[in-house]
Amino acid sequence: MASGVSGGRGHSTCVRIMDQTTFRDFKELIYERSGISLQAGKEAMVSARVAKRLRALGMPDSRTYLQYVRRDKSGEELVQLLNVISTNVTSFFREPDHFDFFSEVISKWSSEGQRRFRFWSAASSTGEEPYTIAMTFLEAVKDAKVDMRILATDISTRVLERCVVGQYEKRSLETVPKALKARYFDKEGRGEDAVYRAKSILKDRIVFKRLNLSKPPFPMKGPLDVVFCRNVMIYFDKEVRKNLLEEISRLLRPGGYLMVGHSENLVGLSMHLEVVRPSIYLKR
Ligand SMILES: C[S@@+](CC[C@H](N)C(=O)[O-])C[C@H]1O[C@@H](n2cnc3c(N)ncnc32)[C@H](O)[C@@H]1O
C-alpha cells in the first residue's frame, strides 16, 4: 500500500511480525470483507497496523485479535480493523488535470441548460476530494438556481467522521488557491496552529455515507453525471474491479464521465466505458 506503515517508525520497530498462517487468515478476512488484496510481503505493515488495535484493546497477540474480530457479531471490530488497514492518502486538487477537465465539462453542460448535477466521490477518504469537487463546481457554474449534490462514500468510518467535520490543517490547504481558501474556508486560530473549516456553502452540497465498493449492487439509483473513483482500485484484484466498474457504468448516465487514479488502468474491464484521455472514461 502506498503510504507504508501507519503509526510511524517508532511503533513499527517494536511490533512483533505475525506468523504466515495468521497473515494468511487476516488477508482472507480483509479480502472477503473489503475487496482489499494484501500482497505477499505486507506482513510487517499488517502487523504494525493490527498492533494499534491490540494496544487499544489490551490484547496479547494478533491471533487472539483475529478470533475476536471473527466472533464479533456486531461487525464493529471489523470496521475498526478496516479503519487501520486502509490507506487514506489524499489531498485537495490531487491530480489537478481531472479538475480542469471537470470544470470544462460542467461549464459546457451548464451553458447547454443543464440544471441538475449529481456527482459521486466513491472513495472520499478524509474529504479533500469531495470538497475539491464542490469548489470546482461553484467556481465554474455561477448559477444560483442549479441543483447540485455530491455523494461522498468510503469504507472507513474514521475518515468519514473527518469529512463531516471538514476541518483541515494549514499544510493540507497548500494546494488550494488563496482566493478559494478565503471563499470556502473559515480560518480558526493563528499562525502554525491555524485550522481551516469548510464553510456550509460546501458542506451543504455533500452527503457522506459508508459504502463498501467491493459489494455491489449499491443502494443508489443514479443517474450520475461524474464519478470520481480514484486511487482505490489499486487495492482490488481484477474481479472486484470488474464488478465495481459494471456498477459504476450502471449508475452513470450516457455521456457521463468516470475519473480514476493516474496509475489505474481499466483496459479490458468494461465494455461501456470508453477512454477519452488517460484516466478519464466516457459512459457510452
Ligand atoms: C488512497 S485513498 C484515495 C482517496 C481519494 N479518492 C484520492 O484519490 O485522493 C483510498 C480510500 O479508499 C478507501 N477504501 C478502501 N477499500 C474500500 C472499499 N472496499 N470500499 C470503499 N472504500 C474503500 C480507503 O478507506 C481510503 O480512504
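The model is predicted, so local features need pLDDT of at least 70, side-chain atom pairs count only at pLDDT 80 or more, and totals for chains, interfaces and linings use all residues. Residues are numbered from 1 along each chain as its sequence is written.

**Two domains**
- The chain is divided into domain 1 (8-85) and domain 2 (96-167 + 199-283), with bounds that come from an automatic or database domain assignment.
- Their C-alpha centres lie 30 Å apart.
- Seven residues of domain 1 are in contact with 11 residues of domain 2; two residues are in contact if their C-beta atoms, placed from the backbone, lie within 7 Å.
- On the side of domain 1 that touches domain 2, helix H5 (residues 76-85) gives the most, with three residues. Helices (H or I, at least four residues) and strands (E, at least two) are DSSP runs, numbered from the N terminus.
- That side of domain 1 has three nonpolar, four polar and no charged residues. Ala, Val, Leu, Ile, Met, Phe, Trp, Tyr, Cys and Pro count as nonpolar, Asp, Glu, Lys and Arg as charged, and the others, Gly among them, as polar.

**Around the ligand**
- The ligand is surrounded by 25 residues, and the closest are Ser 86, Thr 90, Ala 123, Ser 125 and Ile 155. A residue is near a molecule if its C-beta atom, placed from the backbone, lies within 6 Å of it.
- This shell holds nine nonpolar, 12 polar and four charged residues.
- Where does the ligand lie relative to domain 1 and domain 2? Both domains give residues to the shell, so the ligand lies between them.

- Leaving aside neighbours within four places in sequence, Ala 134 is in contact with Ile 150, Leu 202, Arg 205 and Ile 206.
- In helix H8 (residues 157-165), Val 159, Leu 160 and Cys 163 are buried. A residue is buried if 20 or more other C-beta atoms lie within 10 Å of its own, exposed if 12 or fewer, and partly exposed in between, with C-beta atoms placed from the backbone.
- Looking down the axis of H8, its buried residues fall within an arc of 100 degrees, so they line one face of the helix; the arc is that of the directions from the helix axis to the C-beta atoms.
- Helix H7 (128-140), strand E2 (147-154) and strand E6 (206-210) are among the elements covering these buried residues.

- Most residues other than glycine have a negative phi, and most peptide bonds are trans.
- A cis peptide bond joins Pro 216 and Pro 217, with omega about 5 degrees.
- The bond from Gly 222 to Pro 223 is also cis, with omega near 0 degrees.
- Phe 93 has a positive phi near 55 degrees and is partly exposed, with 19 C-beta neighbours inside 10 Å.
- Ser 279 has a positive phi of about 75 degrees and counts as buried, with 20 C-beta neighbours inside 10 Å.
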